[in-house]
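Thanks for coming. I will walk through one structure today, starting with its salt bridges and then moving to the pocket and the surface.

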Amino acid sequence: MNGLALFLKLRKRIFLNRFRFMGRHELYKGFFFSLLGLIFLGAFYGVFWRAFVYIRGVPLIGSVLLTKLLAMVFLTFWVILIFSNIVTSFSAIYFSDDLSLLLSMPFSFRSIFSAKFIETTFYSSWMITIVFAVLILAYGMVYHLTLPFYFLVLFLFIPFLFLASGVGVLFSLFLMRFFPSRQTRDALIIIGVLFSGTAYLIFRLLQPEKLVQADVMDSIFAYLTTLKAPTAFYLPSYWLTRGIAYLTRTRIADF
């Protein structure tokens, strides 16, 4: 068994044992937070579903507006994922408690780094993945899509996550190459808080509510200009959006 497979098996055992040896207090706490999380996810689903139904109901251009909204949301996801991976990679790759133990074992650096890369991707992406799943479920229910649609979207979403993780880890490697200190990580955590606020501001500046307010635009030309920008056709967020749009219309060849 190679180092990467052994490391992943060890992580799986640690994860299962954490549930196996839970005390009563931890079980109650886990149940409470799980229930609270399900309530929030249910609320998110309701918001997404109502928004999608309303936007799809806009005459003539409802489907175009909905695709545009998905592009905005996925662009925001992409930006958040990149910075989340940058911050998480410092803790997982450079300052992990088990790093000294792993480096003392007969594993190649490539195996250790690959395992840490997967760990970084998981810890930085699990929350976005859950929100994405709720969003896609609401979208699929609005369009009455079948089970194969969700599997094919998963086929798109996995490389979307790993591309964001790759960009984030690459940036952290660059920083640690020239600034090898713990202060770099601490500074990035502070920047991360500011960056999260910036990502929200970017989403607000896109003004998605204007997508369903054609009557407040000065002209039809201005409204069509709003629909075209920003496309960001060179980003994975745009690729994911177009793939979902093609699947919705069953254009498998374009997908």
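Start with Asp254 and Arg251, whose side chains meet in a salt bridge at 2.7 Å, N to O. A salt bridge here is a side-chain nitrogen of Lys or Arg within 4 Å of a carboxyl oxygen of Asp or Glu. Asp254 is partly exposed, at 42% relative accessible area, and Arg251 is partly exposed at 37%. On that scale buried means under 20% relative accessible area, exposed means over 50%, and partly exposed is in between, with a 1.4 Å probe and protein chains only.

A word on the source. This is a predicted model, where local features need pLDDT of at least 70, side-chain atom pairs count only at pLDDT 80 or more, and totals for chains, interfaces and linings use all residues. Residues are numbered from 1 along each chain as its sequence is written, and side-chain values use heavy atoms, leaving out hydrogens and water.

How many salt bridges are there by this rule? The count is three. Lys116 meets Asp98 at 2.9 Å, N to O. Lys116 lies in helix H5 and Asp98 in the loop between helix H3 (62–94) and helix H4 (99–103), so this pair ties together parts 18 residues apart in sequence. Helices are DSSP runs of H or I, at least four residues, numbered from the N terminus. Lys116 also meets Glu119, at 3.5 Å, N to O; both lie in H5, three residues apart, about one turn of the helix. Lys116 and Asp98 are buried, and Glu119 is buried too.

Next, the largest pocket, with a volume of about 1,100 Å³. Of its 32 lining residues, the closest to the centre are Phe15, Arg18, Phe122, Tyr123 and Trp126. A pocket is an open set of points on a 1 Å grid over the protein atoms alone, where a 1.4 Å probe fits, with protein on both sides within 12 Å along at least five of seven lines; lining residues have an atom within 4 Å of a point. Which helix gives the largest share of the lining? H5 does, with 12 residues.

Last, two loop and end residues. His144 has a phi near 55°, positive in a residue other than glycine. His144 sits in the loop between helix H5 (109–143) and helix H6 (147–178), and is exposed at 68%. Thr250, in the segment after helix H9 (236–248), also has a positive phi near 55°.

How values were computed: Grid points are joined across faces, edges and corners, and a volume is the space filled by probe spheres set on the points.
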